[in-house]
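Please find below a note on the model under review.

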Amino acid sequence: MDQVTIEAARRGDRDAQATLLRRLGDVWYRMSLGLLANADDARDAVQETALRFLRDLPRYRGDSSISTWSIGIAINVAREMRRKAGSSQRAADNQQLASVQSGAEFPEDSVSTDEHRGMLHRAMEHLSDRQREAVMLRYFEEMSVEDTAAAMQCATGTVKATVHQALRILKAKLKALA
């Protein structure tokens with residue numbers, strides 16, 4: 001995103017704000033759907049993320065990219081919604097999750113068919129919320145370790161360890177599902 005649009009949005013320019021919301025909305029939805037596993041909840045999370053994004057935009061300092069900063073907001077909204085809804089939401093509607101994220105870029109050697117994608121999403125149910133966040137940011141959104149750490153508000157070493165643990169779990173679960 002260009003700095004001119006970001007600065008205009010920070011000053012309250014409605015067109016610039018709308019541009020940012022359009023550019024960021026899809027990634028917020030994918031993250032929210034992946035973390036909440038429910039399309040209606042994901043849409044609610046995107047709306048709340050947009051409200052918080054616009055409210056906090058004047059305080060955006062530019063320490064990370066606007067995308068990374070906004071994904072941090074989306075993650076926090078999803079975390080709050082999960083806490084309110086309880087853990088029963090986690091296992092909901094894998095088919096819907098797989099259909100929305102089937103367009104995401106996957107490494108060719110790990111997931112190549114819809115069946116494999118479905119297996120991956122079922123395996124991801126076995127990850128902790130934090131592990132799922134880290135995997136989604138690193139592999140679904142293709143963020144760097146540094147950007148993932150910024151979005152998750154943790155150290156890069158924490159991201160590396162969390163992803164390593166998650167991949168170990170996923171490998172075992174995928175092996176069992178295959």
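How many residues does helix 4 have, and what span does helix 4 reach from its first C-alpha to its last?

1. Helix 4 (residues 66–85) has 20 residues and reaches 29 Å between its first and last C-alpha, close to the 28 Å expected at 1.5 Å a residue. The expected span is 1.5 Å times one less than the number of residues. Gly 86 follows helix 4 and has a positive phi, near 85 degrees.

2. This is a predicted model, in which local features need pLDDT of at least 70 and side-chain atom pairs count only at pLDDT 80 or more, while totals for chains, interfaces and linings use all residues. Residues are numbered from 1 along each chain as its sequence is written, and side-chain values use heavy atoms, with hydrogens and water left out.

3. The protein chain contains 9 helices and 0 strands. Helices (H or I, at least four residues) and strands (E, at least two) are DSSP runs, numbered from the N terminus.

4. Of the 178 residues in the protein chain, 45% count as buried. Buried means under 20% relative accessible area, exposed over 50%, and partly exposed in between (1.4 Å probe, protein chains only). Among contacts (heavy atoms within 4.5 Å) between residues at least 6 apart in sequence, 63% join residues at least 24 apart.

5. The buried residues of helix 4 include Ile 66, Ile 73, Val 77 and Arg 82. The helix 4 buried residues pack against helix 1 (3–10), helix 2 (14–36), helix 3, helix 7 (129–140) and helix 8 (145–152).

6. Arg 52 lies in helix 3 and counts as buried, because its relative accessibility is 17%. Leaving aside residues up to four places away in sequence, Arg 52 touches Ile 73, Val 77 and Glu 80. The side chains of Arg 52 and Glu 48 are joined by a polar contact of 2.8 Å. A polar contact is a pair of N or O atoms within 3.5 Å; within protein, one must be able to donate a hydrogen and the other to accept it, and residues adjacent in sequence count only if both atoms are side-chain atoms.

7. Gln 47 also lies in helix 3 (residues 39–56), but is exposed, with a relative accessible area of 55%.

8. The mean pLDDT (the predictor's confidence in each residue, from 0 to 100) of the protein chain is 85, and 84% of the residues score at least 70. Among the elements, helix 3 has the highest mean pLDDT (97) and helix 5 (residues 94–101) the lowest (44). Over residues 87–111, pLDDT stays under 50. Where pLDDT is low, the predicted coordinates should not be read in detail.
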